[in-house]
Amino acid sequence: MKFIVCIKQVPDTTNVKIDKRTGRLIREGIPSIINPEDKNALEVALRLKEEFGGEVIVISMGPPQADEALREAIAIGADRAILLTDRAFAGADTMATAYSLGSAIKKIGKYDLVLCGRQAIDGDTAQVGPQLAEFLSIPQITYVLEVNIEDNKIIAIQELEDKRVKWEADLPALLTVTAEANKPRYPSAYGIMSAYKEKEVEIWKMKDLDVDEKRIGMDGSPTSVKRIFSPEPKGKGEIIKDEPKKAAEILFNRLRAKNIL
Amino acid sequence: MDYSISKEYVLLRKTVREFAEKEIAPVVEDMDREGKFPHENIKKMAKLGFMGLPISKKYGGSGTGMLGYCIAAEEIGKVCSSHGTILGAHTSLCCMPIEMFGTEEQKQKYLIPLAKGEKIGAFALTEPNAGSDAAAIETTAVRDGDHYILSGTKIWITNGDIADVVIVLTVTDKALGARGGVTAFIVDKGTPGFSVGTLEDKMGIRGSSTAELIFEDCNVPKENVLGDVGAGFIVFMKGLDCGRLALAAGCVGGAQACLDASIKFATTRVQFGKPIWENQAIQWMIADMATEIYAARQMVYHAVWLKENDQRFTKESAMCKLFASEVLGRVIDTAVQIHGGMGYMKKFPIERMYRDARVARIYEGTSEVQRLVIANMIRREVL
């Protein structure tokens, strides 16, 4: 079976600090990591490979330094790694990213399952996975908690806010995987040495793909980031203390006065 | 001069650090209190190739060389000296001597499973009458046809009770003494005549087991001689060169953890209306700790470079072990002082780190022995 995992190299935003003066992220010196939920997706692929056999291919669209993320994925257990890197891809929003990844996956050829993390910790949109499934015209199951393959179908448990839903889809399909799905394995020491000393990361440029230039990069992005900022702290809220009926009345009047009701 | 390290080592450091924080840190408190060997973690480390880091891939290792091994030792040392000690005894004192001195058959039979962590190793030298005076060992190995018969007692052997494979230093010719009369053997657990005696209850590194090993007419095949008959001392000395470097790296890690904890405490503990960091006395303590750790770290990685470039590093390795273990002692003592009462309470890690650190100046050659080694090497250079 062929599993394709899309990964993204992101800044480690859990450790990021905000510049108090400008309110912006301090990016200097922030280490880059594989987006955490992409590791969960990779873990799903590796476990399925262990059970059903096959190949795990990781693919990433990013600047040349995303090579590090792909090598880490190889060290974790991926068999093959592809880096889509080209100035032409830069500035892409989720739509253009999904289109580019989709073109690359089409070039890979026949596959059984595409796996993505639910969302990236820098953008937090959760859009690329679903968009990619549409570009590939394959069924998608998002927010996946558990997965199995039976009779060439994917059976997955989807975790929503208020319930869990069991889905079944024909292969090939696309899954987006949540952090709760599993505990990703660590890269092994021998895997790390092998990833850098023996394995190759394939570099694919725009010219290597069959793409419409107007649909990639900044030109292919219907959305753009206007500003990233840390919101002003709202300050302490007010707690209305009274017996319930009276408190409700006070609250109602307050909201009325603010034109919320 | 390029001090940067290549990306695979950066990734290795990050990986071991994450493992230490997520897998080792949560178990250390119970491990220390109960004096229990961390079997689960050692199995996890084995699966990730951490139990044979410097050993070549050909023999089941991860092929990271001494650099990768010391990086891992440093990161583990930040979190737990017990795990570091278990790893060190197994890798430096059992795996590496077999890689250096073993026959091809011995490497196939012992080194591969040891490097993969499928088997655990130990090194048995110390005896009741032979600590620093290693040449005074009395365990004998007498040739009997195709075998040797081993008799004697070893004490304070790290991993001694759980090891599957032990390298044992014996006297094969009392008259020749250390130069030609000592032989190293590879002994399998379960060999008739080989038993484990007392398990010691220690001040610190309580997750590592420290055992008495008893040899009573223990029959070992001649194929299990490690290196040449009579050349056991060189096996032990070359093993210690590597062991001392990894131990020093672990001390650097432990000292760094003390410094980090002290900085965090000093910047948050408020007394007299301000964080205690605002006091020059504390700032000077922090500055001295940081300076010594920086020096110790540079020494370790320079000595690693010497070894990786096939240069002699015996003197430097002893210097690193001497300095790093003594820096650790000073740093942890200062850290306790900075933490005040909190540094003395069992519910905070500083107290355990203080107890764990003390042995670093004693095992794998006391500070005094290191000074002798260094002086001897200097004399050889000069005369």
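Which residues in α2(A) meet which residues in α5(A)?

**Entry 1. Conventions**

I worked from a predicted model, in which local features need pLDDT of at least 70, side-chain atom pairs count only at pLDDT 80 or more, and totals for chains, interfaces and linings use all residues. Residues are numbered from 1 along each chain as its sequence is written, while chains are lettered from A and ligands numbered from 1 in the order in which they are written.

**Entry 2. The pair α2 and α5 in chain A**

I found that Arg71(A), Ile74(A), Ala75(A) and Ile76(A) in α2(A) meet Gly191(A), Ile192(A), Ala195(A) and Tyr196(A) in α5(A); two residues are in contact if their C-beta atoms, placed from the backbone, lie within 7 Å. I sorted the residues of this contact by class and noted 6 nonpolar, 1 polar and 1 charged. In this sorting Ala, Val, Leu, Ile, Met, Phe, Trp, Tyr, Cys and Pro count as nonpolar, Asp, Glu, Lys and Arg as charged, and the others, Gly among them, as polar.

Two packed helices are described by the angle between their axes and the distance between the axes. For helix α2 (residues 67-76) of chain A and helix α5 (residues 189-197) of chain A, the axes come within 7 Å and cross at roughly 135°. The axes are lines fitted to C-alpha atoms, for helices over the stretch in contact, and angles run from 0 to 180 degrees between N-to-C directions. α2(A) is therefore oblique to α5(A); angles under 35 degrees count as roughly parallel, over 145 as roughly antiparallel, 65 to 115 as roughly perpendicular and the rest as oblique. I recorded the crossing of α2(A) and α5(A) as right-handed, the term for a near helix turned clockwise from the far one by less than a right angle, with anticlockwise being left-handed.

I then checked how far α2(A) is covered, and 9 of its 10 residues are buried. A residue is buried if 20 or more other C-beta atoms lie within 10 Å of its own, exposed if 12 or fewer, and partly exposed in between, with C-beta atoms placed from the backbone. Among the buried residues of α2(A) are the charged Glu68(A), Arg71(A) and Glu72(A). Just after α2(A), I noted a positive phi of about 145° at Gly77(A).

**Entry 3. Chain A overall, and Asp38(A)**

In chain A I counted 6 helices and 11 strands; helices (H or I, at least four residues) and strands (E, at least two) are DSSP runs, numbered from the N terminus. The C-alpha trace of chain A spans about 70 × 45 × 40 Å along its principal axes. Of the 261 residues in chain A, 39% are buried.

I looked up Asp38(A) and placed it in helix α1 (residues 36-52) of chain A. Is Asp38(A) buried or exposed? Asp38(A) is buried, because 29 other C-beta atoms lie within 10 Å. Not counting residues up to four places away in sequence, Asp38(A) touches Ile7(A), Lys8(A) and Gly117(A). Its C-alpha atom is separated by 8.3 Å from that of Leu115(A), 77 residues apart along the chain.

**Entry 4. Chain B overall, and its side towards chain A**

Chain B has 10 helices and 10 strands. Its radius of gyration is 21 Å, close to the 21 Å that the globule rule gives for 383 residues, so chain B is as compact as a globular protein of that length. The radius is taken over C-alpha atoms, and the rule is 2.2 Å times the number of residues to the power 0.38. Buried residues make up 52% of chain B.

At the interface, 16 residues of chain B are in contact with 11 residues of chain A. Helix α1 (residues 7-34) of chain B gives the most to this side of chain B, with 7 residues.

**Entry 5. The pair α3 and α6 in chain B**

The axes of helix α3 (residues 65-79) of chain B and helix α6 (residues 232-268) of chain B come within 6 Å and cross at roughly 40°. α3(B) is therefore oblique to α6(B), and the crossing is right-handed. By class, I found 13 nonpolar, 5 polar and 3 charged residues in this contact.

I also located Leu240(B) in helix α6 of chain B. Leu240(B) counts as buried, with 25 C-beta neighbours inside 10 Å. Leaving out residues up to four places away in sequence, Leu240(B) touches Glu364(B) and Gly365(B).
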